[in-house]
Amino acid sequence: MTPLTIRMNDRDNVEIVANNGGLPSGSALQSGLILRDMVPQGHKVALIDLPAGAAVLRYGIPIGYALKDIPAGSWVSERLLKMPPARELDNLPIASIRPEPLAALEGYTFEGFRNADGSVGTRNILAITTTVQCVSGVVDFAVQRIKSELLPRYPNVDDVVGIEHTYGCGVAIDAEGAEIPIRTLRNISLNPNFGGEVMVVSLGCEKLQPERLLPPGSIPIVDQRAPEPELDVVCLQDDAHVGFMSMIDSIMQTANQHLARLNARTRVTVPASELVVGVQCGGSDAFSGVTANPAVGYCTDLLVRAGASVMFSEVTEVRDGIDQLTSRATTPEVAQAMIREMAWYDKYLERGRVDRSANTTPGNKKGGLSNIVEKAMGSIVKSGSAPISGVLAPGEKLRQKGLIYAATPASDFICGTLQLAAGMNLHVFTTGRGTPYGLAAVPVIKMATRTDLARRWHDLMDVNAGTIADGTKTIEQVGWELFHLMLEVASGRQKTWAEQWKLHNALVLFNPAPVT
Ligand code: CA
């Protein structure tokens, strides 16, 4: 076995072992350095003698400080590192980098469903919005009946999904922060993959009343003959309902009208600029920042060049690179909005007496990521190199093109839920440890950071970026592979593995406000 190691930056004094299974003590690296310890795959080797207190550099920045003398050739495990403090949020470089504008990428298209509001869906799905968790069992029952009895009559409709959640009642609905789950749920109902068709199932006595969730003016016009759309609500406590089947019949009748309209739609050729892509990572390892995330970053640049929208998120995973982000902002206002979101999140974490270091998992550490600083440096590269042209607070809807910072927790299912609310029509998810993550409302393309994971999870991972570490493909090649796959998936010509197996995670609303 030829020892294979990867260094990210010329300044680095550590590099990671790429070999599957790691390298035994005594192995000679290509530089001639002899390993003093067994070093697991993805973990760091000291390239020089690091005296106690010395900065350990990866990605060209200090990811930690040596707690004791670390001789060259040693395994630099997280136990040997002290984590640096978070960067202060003042005196940051503001819109200081003026990158050369990226050359426009023209001529790429996909087949999508054009909506009345101008957005484009990659799938044609009936969504049944719920105001409160109480109705979930009933909606599940109705969805099963709709799928088996109605959906076969509407071949142009891909699926029926219940927008179910744990919010809606037993919550301090006027508290500071409560606007986040409410606008998230509202904006999810308006996701481009639902074709502008909005129907709601309500209990009746809940705090989150249908008119509060979707006030007049928030529902799109889908029928030009009825330019003032009324909210379609099935209320289970309505006096008209006698017996459970009356509720189910009522939901099915309402669904039938929406299905008929959705079924009348067909795919049309649209430019790649209509893609709204959300990128995130989960179950990360040391290869995330070496293989999959740089390939996603390259693809992000391609998408921005094609005029599309790309959102990157996960506050705690970019917090340590805030200076990189504020310097890439197109305007001082965008940089200030980013700082505002970071400061809000710092405070939110302080309420629980933790900081961004609470992010890392046992699996991250096993995969070679010593701390959140190292994880963040690998996570942030998903954003590529384009200027950052906008910022969204959690649950807000995206209204512009280009590279956008959508502030969300790093939690996979909460981040995905918030990106759905922003209007994502395609999701890209990178993983090193492996996760079967999927969403019912949008296709999720999953990318493995290591060939070993792609081999074992061959029917769950859509792209193998491990080829970059193996030396058989370049970052650019995998970036283009992802770009072409996105157009295929967006057009409905190819299904992702998560779609194939119908693997769907629950929607999880981000509620920073109290429950009662
Ligand atoms: Ca995540």
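A cavity is a set of points, on a 1 Å grid over the protein atoms alone, where a 1.4 Å probe fits but cannot get out, and its lining residues have an atom within 4 Å of a point. The structure above is a predicted model, in which local features need pLDDT of at least 70, side-chain atom pairs count only at pLDDT 80 or more, and totals for chains, interfaces and linings use all residues. Residues are numbered from 1 along each chain as its sequence is written, and side-chain values use heavy atoms, with hydrogens and water left out. Let's look at the cavities, a calcium site and one proline.

**Cavities**

- The model has two cavities of 30 Å³ or more, where a volume is the space filled by probe spheres set on the grid points, joined across faces, edges and corners.
- The second largest cavity holds about 40 Å³ of space, and its lining includes Leu392, Pro394, Glu396, Thr408 and Gln419.
- Helix H10 (residues 412-422) gives the most to this lining, with three residues; helices (H or I, at least four residues) and strands (E, at least two) are DSSP runs numbered from the N terminus.
- By class, the lining of the second largest cavity has seven nonpolar, three polar and one charged residues. Here Ala, Val, Leu, Ile, Met, Phe, Trp, Tyr, Cys and Pro count as nonpolar, Asp, Glu, Lys and Arg as charged, and the others, Gly among them, as polar.
- The largest cavity has a volume of about 50 Å³ and is lined by 13 residues, with Asp285, Ser288, Leu369, Lys375 and Gly378 nearest its centre.
- Helix H9 (residues 372-379) supplies the largest share of that lining, four residues.

**Calcium site**

- Gln280 (OE1), Cys281 (O), Glu314 (OE), Ala410 (O) and Asp412 (OD) coordinate the calcium ion at 2.3 to 2.6 Å.
- Donors are N, O and S atoms within 2.8 Å of the metal (3.2 Å for Na, K and Ca), and water is not among the atoms, so sites may look incomplete.
- Cys281 lies in strand E15 (residues 276-281) and Asp412 in helix H10, so the pair ties together parts that are 131 residues apart in sequence.
- Both Cys281 and Asp412 are buried (under 20% relative accessible area, with exposed over 50% and partly exposed in between, for a 1.4 Å probe and protein chains only).

**Pro436**

- Pro436 sits in the loop between strand E19 (426-431) and strand E20 (444-448), and is partly exposed, with a relative accessible area of 43%.
- Leaving aside residues up to four places away in sequence, Pro436 touches Lys446, Trp457 and Leu503 (contact means heavy atoms within 4.5 Å).

Terms used
On a 1 Å grid over the protein atoms alone, a cavity is a set of points where a 1.4 Å probe fits but cannot get out, and a pocket is an open set with protein on both sides within 12 Å along at least five of seven lines; lining residues have an atom within 4 Å of a point.
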